[in-house]
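Thanks for coming. I will go through one structure this morning, starting with the part around one residue and then widening out.

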Amino acid sequence: MELQSLTLLVDILDAGNLSQAARNLKMTRANVSYHLNQLEKSVGAQLVRRTTRRVEPTEVGLRLYAHGLAIQNEMRAARETITTLGQGLQGRVGLSVPSGYGQMVMSDWLIDFKRLYPFIVLDVRFENRVDDLIREEVDIAIRVMPEPPPTLVARDLGQVRYLACASRAYAEAHGLPATPDALRGAPLITAGVVGRQLRVSAYQGTQREEVMLEPTLISEHFPFLRQGILAGLGVGLVPDYVVEDAIASGEVLTTLDDWRLSIFGTQMYLLYMPQRHQTRAVRTCIDYLLGRAKPAA
């Protein structure tokens, strides 16, 4: 059994199919398939089950995967030790952060991190996708969700509080909804929703209400949502960090303050793969982000 073939099995299973593994490894699909066949012949057992779209490990393949992953991680750690010997902290960190929280809160954190560690390459993606959170190019993902995926390690970054709010001018001209159900009659400003309707859950003690709403201004760009709220275009349903300074100045008023609103979930998590090798740069970034989030949690 060749070491290269064993680590190739890891790459194939991580990629999910032979074609993607070939692209990741910059090899032809036929070459990847050949090496996999040779490994299966040397082992004397089928290691993966092939379908038209995916490959899945057999029991033997899963056991060999664990060994191959351990070897691959040790090799990466050894390379990192050699590369950084006698030098400052280096490496690359791929980050996927929510568009709103990333733009309005985490940007300052990441600038400060870059100042502290100038030789670390930060590759930051502002996105809200929930499928396939941790890809090959992403080491750490930050997401707001009700429950973290069971396949990932989740570190709690604290709660996100959603507000119903509007500009003072809008409130004086139109009034503010006094109940969750009254939100139906207001022009609503919020982040992107699936389909036309937005499901909002509202909690007051043991009481729970759920309303289906149709926003009139929708965007993934939270500074734009903030502009819409300040311009008096309607009632915003946004996280508190979007308008907290405008609330402090009295420019924006809140309503439904006795209710806890939940839209996309109220808990923020830092997520990463449990078995992927973490470089010193990635570990340092994780510790830094956890430290910055704790005061706000």
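**A walk through the model**

Let me begin with Val 60, which, leaving aside its neighbours within four places in sequence, is in contact with Val 43, Ala 45, Gln 46 and Leu 47. Keep in mind that this is a predicted model. Val 60 belongs to helix α4, which covers residues 59–84. Is Val 60 buried, exposed or partly exposed? Its relative accessible area is 35%, so Val 60 is partly exposed.

Now the chain as a whole. The protein chain has nine helices and 15 strands. Of its 297 residues, 44% are buried. If we take the contacts with a separation of 6 or more, 73% of them are between residues 24 or more positions apart. The accessible surface comes to about 15800 Å², and carbon and sulfur atoms account for 51% of that.

Next, a pair of helices. Two packed helices are described by the angle between their axes and the distance between the axes. Here the pair is α5, residues 99–116, and α7, residues 222–230; their angle is about 85 degrees and their axes are 8 Å apart. That makes α5 roughly perpendicular to α7. Which residues meet there? From α5 they are Ser 99, Gly 100, Gln 103 and Met 104, and from α7 they are Phe 222, Pro 223 and Arg 226. Sorted by class, this contact has three nonpolar residues, three polar and one charged.

On to the strands, and to β5 in particular. Strand β5 runs over residues 140–145, and six of the six are buried, so the strand is largely enclosed by the rest of the structure. In a regular strand the side chains alternate between the two faces of the sheet. In β5, one side carries Ile 140, Ile 142 and Val 144, the other carries Ala 141, Arg 143 and Met 145, and both faces are covered.

What does β5 pair with? Strand β3, residues 91–97, runs parallel to β5 and is joined to it by two bridges. Within that pairing, Leu 95 has Ile 140 of β5 as its bridge partner. Strand β15, residues 267–272, runs antiparallel to β5, with five bridges between them. There, Val 144 stands opposite Met 268 of β15.

Ser 262 has a relative accessibility of 16%, so it counts as buried. Not counting residues up to four places away in sequence, Ser 262 touches Arg 199, Val 200, Ser 201 and Tyr 203.

Last, some backbone angles. Most residues other than glycine have a negative phi, and most peptide bonds are trans. Lys 26 has a positive phi, near 55 degrees. For Leu 256 phi is also positive and near 55 degrees. Where do they sit? Lys 26 is in the loop between α2 (18–25) and α3 (29–43), while Leu 256 is in the loop between β13 (252–255) and β14. As for cover, Lys 26 is exposed, with a relative accessible area of 77%. Leu 256, in contrast, counts as buried, at 7% relative accessibility.

That is where I will stop.

Conventions. Residues numbered from 1 in each chain as written. Predicted model: local features only at pLDDT ≥ 70, side-chain atom pairs only at ≥ 80, totals over all residues. Heavy atoms only, no water. Helix = DSSP H or I, 4+ residues; strand = E, 2+ residues; numbered from the N terminus. Buried < 20%, exposed > 50% of the residue type's maximum accessible area, 1.4 Å probe, protein only. Contact = heavy atoms within 4.5 Å. Areas by Shrake-Rupley, 256 points an atom, 1.4 Å probe, with all protein chains shown as cover. Axes fitted to C-alpha atoms, helices over the stretch in contact; angles between N-to-C directions. Parallel < 35°, antiparallel > 145°, perpendicular 65-115°, else oblique. Nonpolar A, V, L, I, M, F, W, Y, C, P; charged D, E, K, R; others polar. Pairing = 2+ DSSP bridges.
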